[in-house]
Amino acid sequence: MALLTFTDRGIFCERANVYIDPWKPVDYAMITHGHADHSRWGSKHYLCTRTAAPVINYRLGDVNIETVEYGEVKTINGVKFSFHPAGHIIGSAQIRVEYKGEIWVASGDYKLEDDGLSEAYEPVKCQHFITESTFGLPVYRWVPQEEVFADINDWWRANKEDNQVSVVTAYALGKAQRLLQGLDPSLGTIYTHGAIENTNEVIRAQGIDLPPTVRVTQAIDKKEYPGNMVIATPGAVGQTWMKKFGRARVGAASGWMTLRGARRRRGADRGFVLSDHCDWPSLLEAIDLTGADNIYVTHGYTALFSKYLRGLGYNAVELETEYEGELAEIETKKEEEESVST
Ligand SMILES: [Zn+2]
Ligand SMILES: [Zn+2]
């Protein structure tokens with residue numbers, strides 16, 4: 001029997017009776033990171049990195065969480081588990097599992113570019129590598145984040161000259177903080193949607209510095225907003241929440257902005273290609289760096305990507321999982337897939 005198997009509850013290590021990112025309640029869940037599709041409520045015991053724990057606690061409520069440091073080895077019934085930086089969001093980890101020379105790595109979500117906020121990705125050698133494929137198509141190629149942030153700040157500056165509010169949408173955990181860190185605070189005040197500010201507060205409370213932000217509330221005079229920046233959740237666009245900003249310009253920061261149509265469907269004037277996942281070249285680079293021959297492809301373009309890997313000589317299979325990719329980022333995926341293949 002393989003050290004890890006794939007069950008209807010999630011990735012399972014039978015020898016240790018441990019699941020990795022299970023989507024149903026289990027006795028013992030090891031969690032790669034705090035996004036909703038990887039970190040689900042109802043398990044009896046959770047294990048994650050020390051820096052991932054505060055936000056998981058905040059999102060899941062009062063759950064039983066044990067933490068480890070990166071690289072620390074936790075042995076259960078002879079199986080050695082350790083967590084290694086995935087570079088995806090603060091505290092995110094790839095989970096390495098070893099027993100009698102058999103080594104697996106479950107990557108969760110990951111990205112190779114160091115964003116200066118998440119602990120930087122480290123390749124981990126293994127024989128079996130479980131990878132996501134959120135952006136596993138050749139069309140997805142990121143430009144360096146410095147260029148993306150320069151574009152966003154230029155756009156903010158131009159909007160400010162027109163006395164317009166700039167609103168950029170970003171997922172509340174991860175993307176919002178990364179965006180915040182790349183904005184130029186000398187241009188004006190940065191306001192945040194409540195869901196984002198709640199997450200910021202959890203992150204600041206764990207001792208991580210973020211640039212100053214102001215929560216959007218009814219108490220703020222509408223006249224305060226023009227020329228300034230608002231970071232909003234993608235779901236807030238088109239809602240009454242936006243009315244207070246008057247004639248705002250809306251930008252969306254997402255890997256999906258690579259594709260025609262995605263910006264329009266988000267109700268955005270501008271799309272900024274910024275992702276916390278690997279693009280196509282970095283997925284291939286990461287897989288090569290692991291040295292693994294056996295690749296298991298989860299959420300994303302699983303069928304297309306695993307087929308491509310088989311063409312390169314890997315023993316690659318696609319997996320049915322209930323990981324969804326960043327919830328807000330996945331909403332138009334089916335349509336995107338069709339628009340790419342035609
Ligand atoms: Zn994620
Ligand atoms: Zn994911």
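**Entry 1: helix α3**

I listed the buried residues of α3 and found Lys175, Ala176, Gln177, Arg178, Leu179, Leu180 and Gly182. I took buried to mean under 20% relative accessible area, exposed over 50%, and partly exposed in between, with a 1.4 Å probe and protein chains only. Seven of the eight residues of α3 are buried, so the helix is largely enclosed by the rest of the structure. Helices (H or I, at least four residues) and strands (E, at least two) are DSSP runs, numbered from the N terminus.

I note that this is a predicted model, in which local features need pLDDT of at least 70, side-chain atom pairs count only at pLDDT 80 or more, and totals for chains, interfaces and linings use all residues. Residues are numbered from 1 along each chain as its sequence is written, chains are lettered from A and ligands numbered from 1 in the order in which they are written, and side-chain values use heavy atoms, with hydrogens and water left out.

**Entry 2: α2 against α3**

I looked up the packing of helix α2 (residues 145-161) on helix α3 (residues 175-182): their axes come within 9 Å and cross at roughly 75°. Axes are lines fitted to C-alpha atoms, for helices over the stretch in contact, and angles run from 0 to 180 degrees between N-to-C directions. α2 and α3 are therefore roughly perpendicular to each other; angles of 65 to 115 degrees count as such, under 35 as roughly parallel, over 145 as roughly antiparallel and the rest as oblique. From α2, Gln145, Phe149, Ile152 and Asn153 meet Arg178, Leu179 and Gly182 of α3, contact being heavy atoms within 4.5 Å.

I then examined Asp184, in the loop between α3 and β13 (190-192). Asp184 is partly exposed, at 24% relative accessibility. Not counting residues up to four places away in sequence, Asp184 touches Asn153, Trp156 and Arg157.

Donors are N, O and S atoms within 2.8 Å of the metal (3.2 Å for Na, K and Ca); water is not among the atoms, so sites may look incomplete. Four donors count as tetrahedral if all angles lie between 85 and 135 degrees; four count as square planar and six as octahedral if opposite donors are over 155 degrees apart and all others between 65 and 115; anything else is irregular. His33 lies in the loop between β4 (28-30) and β5 (45-49) and Asp109 in the loop between β10 (102-106) and β11 (128-133), so the pair ties together parts that are 76 residues apart in sequence. I recorded His33 as buried at 1% and Asp109 as buried at 0% relative accessibility.

**Entry 3: zinc ion (ligand 2)**

I found the zinc ion (ligand 2) coordinated by His38 (NE2), Asp109 (OD), Asp109 (OD) and His299 (NE2), at 2.1 to 2.4 Å. Its four donor atoms subtend angles of 56 to 127°, again an irregular arrangement. His38, in the loop between β4 and β5, and His299, in strand β18 (residues 294-300), link parts of the chain 261 residues apart. Both His38 and His299 are buried. Asp109 coordinates both zinc ions, which are 3.9 Å apart.

**Entry 4: cysteines**

I searched the whole structure for disulfides and found zero, a disulfide being a pair of cysteine sulfur atoms within 2.5 Å. The closest cysteine sulfur to that of Cys13 is in Cys126, at 15 Å, too far for a bond. For Cys278 the closest is also in Cys126, at 14 Å, again too far. Cys13 is buried at 1% relative accessibility, and Cys278 is buried at 2%.
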